[in-house]
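Me: I'd like a close look at one part of this model, with the overall fold as background. Here it is.

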Amino acid sequence: SPWKPVLLLLGPPALSTTGARCAKDRRLRQKRAISERQLTRYFVDQRKVRVVGGQGGGGGQSFYSEPRKVFGGPDGGNGGDGGHVILKADQQMKSLSSVFPFYQGFNGGRGGSKNCYGANGAHMYVKVPVGTLVKEDGKVVADLTQHGEEYIAAYGGAGGKGNRFFLSNENRAPKLFTPGEPGQERVLQLELKTTAHAGLVGFPNAGKSSLLRAISRAKPAVAAYPFTTLNPHVGIVHYQDYEQVAVADIPGLIKGAHQNRGLGMAFLKHIERCRFLLYVVDLSVPHPWIQLQDLKHELEAYEKGLSERPCVVIGNKIDLAQSRINLPLLREQVAERVIALSALTGDNLEELLLHLRELYDTYVKTEQSRGLSPVKW
């Protein structure tokens with residue numbers, strides 16, 4: 001028949017191949033890894049912000065009039081209040097890079113006739129990371145340490161009064177009405193201090209970033225040169241009972257960091273929020289206990305009592321031959337508990353994770369005994 005060759009030429013339907021091609025095109029692309037140098041442009045831990053509250057709406061001026069009721073009297077309503085500018089701590093925010101230098105609340109609506117009040121202006125919410133410190137003229141005015149915590153940075157202005165408000169026995173037909181008040185204007189300084197349970201403290205190239213990569217899913221940059229880490233990284237350690245311990249990788253400190261040498265005080269402030277400290281010491285260098293003494297000196301010089309927080313000493317790079325020789329010498333010189341491990345090979349990471357959980361449980365019990373709520377991730 002004449003239609004058979006046509007079927008042979010058409011062949012199988014092209015629906016399956018087209019669907020496969022579409023599915024391949026629609027496949028989600030993996031997010032490109034951002035290097036430490038590129039991340040520096042996105043991580044901002046201080047910001048100067050000018051905030052202005054919304055202006056209040058003006059009062060209305062009108063007189064009620066209808067057939068057979070010509071002299072109905074004044075019926076101008078009051079204006080709406082201006083919106084506030086509110087800083088709100090959000091756990092999803094990790095940097096102040098998305099905070100703009102200027103915010104203004106929405107203005108209130110003008111009062112209408114028939115005693116209709118103007119609409120209040122909507123509030124302007126500014127999301128900031130948890131751990132943001134708000135300062136004005138060098139004085140701390142707010143400390144946002146909990147998720148969802150809010151602070152009114154600038155109040156909106158009050159709405160104006162309509163001529164109905166000025167009705168009295170002496171003045172039965174007032175024409176007076178007032179404009180809305182301007183919103184509050186302030187200049188605030190925002191400072192971010194990383195909020196984490198544990199802080200990795202050590203000199204450059206001690207292996208802090210490699211250790212954080214080994215115990216969590218954080219991916220800080222790792223290289224063989226000093227000051228590889230330029231920004232604090234927070235990694236989450238998950239346990240089987242669904243508890244999560246946040247560990248912050250603080251950029252390496254050097255001698256004189258409290259005098260703003262090296263990365264200096266810009267990152268010493270991130271250690272203030274840590275509840276307990278993990279001193280990372282390179283066991284392969286001569287006299288590794290001197291590193292611990294210098295680290296405690298820098299912390300104590302920056303803030304008194306900072307070096308006395310609960311801590312543990314981590315002797316890293318135990319896979320090297322010189323480290324095995326220095327380990328007993330370090331334990332003789334140090335009063336704190338020393339955990340020897342290798343972030344590169346993963347040796348003895350279990351002991352660190354168990355002790356990290358003990359420090360976390362002690363912190364939770366201490367906060368609950370004081371009637372405070374511990375920080376949860």
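Predicted model: local features only at pLDDT ≥ 70, side-chain atom pairs only at ≥ 80, totals over all residues.

Among contacts in the protein chain between residues at least 6 apart in sequence, what percentage join residues at least 24 apart? And how do the rings of Tyr 360 and Tyr 363 sit relative to each other?

Reply: Of those contacts (heavy atoms within 4.5 Å), 72% link residues at least 24 apart in sequence. Numbering runs from 1 along each chain as its sequence is written, and side-chain values use heavy atoms, leaving out hydrogens and water.

The protein chain has eight helices and 14 strands; these are DSSP runs numbered from the N terminus, H or I of at least four residues for helices and E of at least two for strands. Of its 377 residues, 44% are buried. Here buried means under 20% relative accessible area, exposed over 50%, and partly exposed in between, with a 1.4 Å probe and protein chains only.

Now your two tyrosines. A search of the whole structure turns up three aromatic pairs. In the pair you asked about, the ring centres of Tyr 360 and Tyr 363 are 6.5 Å apart and the planes meet at 45°, so this pair is tilted. For Phe, Tyr and Trp (its six-membered ring), the cut-offs are centres within 6.5 Å, with planes under 30 degrees apart called stacked, over 60 edge-to-face and the rest tilted. Both residues belong to helix α8 (residues 349-369), and because they are three residues apart, about one helical turn separates them. Tyr 360 and Tyr 363 are both buried.

Lys 88 puts its charged end over the ring of Tyr 125, 6.0 Å from the centre, and Lys 161 lies over the face of Phe 165, 5.1 Å from the ring centre. To count, NZ of Lys or CZ of Arg must be within 6 Å of the ring centre and within 35 degrees of the ring normal.

For contrast, take Phe 100, in the loop between β2 (85-90) and β3 (102-104). This residue counts as exposed because its relative accessibility is 54%. Phe 100 is also 51 residues from Val 49 in sequence, yet their C-alpha atoms are 7.1 Å apart in space.
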